[in-house]
Amino acid sequence: MDKLNISHAWQSLANHYDKVANLMVKDQFTSSANRFSDFSLKAAGLFLDYSKNRITHETMQLLNGLAEASGLIDYREAMFKGAKINVTEKREVLHTALRNIEDDSTPEGKLVKKELEHMAEFVHKVHGGKWHGYSGKAITDVVHIGIGGSDLGPAMVVAALKPYATNVKVHFVSNLDATHISETIKYLNPETTLFVIASKTFTTQETLANAVAAKEWLLSKVPNGKNTILHHFIGVTAKPERAIEFGIGQDNIFPFWDWVGGRFSLWSAIGISIALAVGMDNFYELLGGAHEMDRHFRTAPFKENMPVILALLGIWNINFLGASTLAVIPYDQYLYLLPAYLQQLEMESNGKRVAIDGDNVTYKTAPVVWGAVGTNSQHSFHQLLMQGTQMVPVDFIIPLHSHNPIGDHHLLLYANCLAQSQALMCGCGEEEIIRELKGQKMSQEEADKLVRHKIVPGNVPSNIILVNKIEPKTLGALVALYEHKVFVQGVVWQINSFDQWGVELGKHMASKLVPMLQGEKDLSGLDSSTRGLIDIFTSDVY
């Protein structure tokens, strides 16, 4: 494998950077009347404006050349056709098959169609009051128990699609801290509560601990053993035999498969809680929006391909402009969980230091992804974005229309979103500030003291992603956009975006410490810090 950062395509970009290092984006708008139209596009119901990035037409041509040299076209086809591109786990990566619901010509398509029918039957029973708890009452509340990909995706979508909520309220429990499940079930009625246990392996420590706590709570209220469990627990897993061992009935198990990665699993039966929350029809719309983005990603030329463009801009910002983080700021309250979801999607996928060939990479890979909803974020971390010592690219996401059109709220929200993007680009220079201060009748001496504190350098890259409204279909397209962006970056960086061995190490080490905390195993061989902290726990003294 040719090393990325000594390749001709990479070196061409490095040489180009030397030429455009001092480029000011605001000047590019002055010199080109077509910059907005040249650097924006629409796909699958989304509109991307990337004109405020520190790029020229040559930059984009060279970035497209980098994508072509990486073999992206072949890797993309390999993913869609079910090749085992997850090389370290020898697995296919076929989450796209989960939303290609019209095609049942493949073995995967047949499995997906069958499982969607199973899900629809179950969801309609619950919504129609035909699925009863142990006492014959209809289900009113669902508690989804999972973690990571089995939690973040469904939780984010349910929050985002709250305007489409059904008569069933869905709650999410993920944290191993008992407070999470305790506070969630505290006020629920055991007669009308259904638990969804979502775990690919059905061995995940956090999920099983919370599942056991849920089972004990239910049986403490209604000690009828197995019959009660059959009415109130369903399992979503790739290991149905383990769900059966837990006590979940065979008919209550919704399978998914090894070729569905956890952080790409909301489209599978893991999304049954989404369907329960917003209805099966809206779940189908969600799949449809993602599939529309899949088609665009698979067929559009790179220069018109939204996921490819977003990915390449990220590579430019990280590997050439020196960015270490990416802020994601949705200007829609319903998307408040989106930054957390994208943290896992990007950082667990591409937070890698070893290339596919086993050698260490010698360049940056995934940025730290973070963010919060606007306008709240404007009053917390935007100060750092504007005047801090780190350059932080930003993705702004905003709908054109609100589900809650009250007064001028949405107009003001939209104005604030555009203003933040504009301020990051334009900044505010010394001459402009001095004019402003003099207009306020400030003395020259006072103005000289204050001016440097008010300078905003600007030239910070940002994207704006517009959607018409946060609806199931547009949300599906938005999530798929970021999924494919992550895939493209992984291909270019020559890493495997679909394993997570660092996560597995933490799980393994935690399992070894449990018996030590229970006093059942010798502590010799541990570092003094871990041994000392275990001693404090077991003695309850510090």
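**Chat about a predicted model**

Colleague: Starting with Lys-90, is that residue buried or exposed?
Modeller: Lys-90 is exposed, with a relative accessible area of 63%. Here buried means under 20% relative accessible area, exposed means over 50%, and partly exposed is in between (1.4 Å probe, protein chains only).

Colleague: Before we go on, what kind of model is this?
Modeller: This is a predicted model, where local features need pLDDT of at least 70 and side-chain atom pairs count only at pLDDT 80 or more, while totals for chains, interfaces and linings use all residues. Residues are numbered from 1 along each chain as its sequence is written, and side-chain values use heavy atoms, with hydrogens and water left out.

Colleague: Back to Lys-90, what's its phi near?
Modeller: Phi of Lys-90 is near 55 degrees, a positive value in a residue other than glycine. Lys-90 sits in the loop between α5 (72-80) and α6. Helices (H or I, at least four residues) and strands (E, at least two) are DSSP runs, numbered from the N terminus.

Colleague: And Ala-44, where is that one?
Modeller: Ala-44 is in the loop between β1 (40-43) and β2 (46-49). Ala-44 also has a positive phi, about 50 degrees, although it is not a glycine. With a relative accessible area of 15%, Ala-44 is buried.

Colleague: Which residues does the cis peptide bond join?
Modeller: Gly-374 and Thr-375, with omega about 10 degrees. Thr-375 lies in the loop between β9 (368-370) and α16 (382-387).

Colleague: New topic, helices. How do the axes of α1 and α4 cross?
Modeller: The axes of α1 (residues 8-20) and α4 (residues 57-69) come within 9 Å and cross at roughly 165 degrees. That makes α1 roughly antiparallel to α4. Axes are lines fitted to C-alpha atoms, for helices over the stretch in contact, and angles run from 0 to 180 degrees between N-to-C directions. Angles under 35 degrees count as roughly parallel, over 145 as roughly antiparallel, 65 to 115 as roughly perpendicular and the rest as oblique.

Colleague: Which residues of α1 and α4 make the contact?
Modeller: On α1 they include Trp-10, Leu-13 and His-16, and on α4 they include Leu-62, Leu-63 and Leu-66. Contact means heavy atoms within 4.5 Å. By class there are 7 nonpolar, 4 polar and 2 charged residues. Ala, Val, Leu, Ile, Met, Phe, Trp, Tyr, Cys and Pro count as nonpolar, Asp, Glu, Lys and Arg as charged, and the others, Gly among them, as polar.

Colleague: Switching to aromatics, how many pairs does the search find?
Modeller: 19 aromatic pairs in the whole structure. Rings of Phe, Tyr and Trp (its six-membered ring) pair if their centres lie within 6.5 Å; planes under 30 degrees apart count as stacked, over 60 as edge-to-face and the rest as tilted. Trp-257 and Trp-259 have ring centres 5.0 Å apart and planes at 15 degrees, so the pair is stacked. Trp-257 is buried at 15%, and Trp-259 is buried at 8% relative accessibility.

Colleague: Why is the Tyr-331 and Phe-396 pair classed the way it is?
Modeller: Their ring centres are 6.1 Å apart and the planes are at 50 degrees, so the pair is tilted. It links distant parts of the chain, 65 residues apart: Tyr-331 is in the loop between β8 (325-330) and α15 (338-350), and Phe-396 is in strand β10 (residues 394-399). Both Tyr-331 and Phe-396 are buried.
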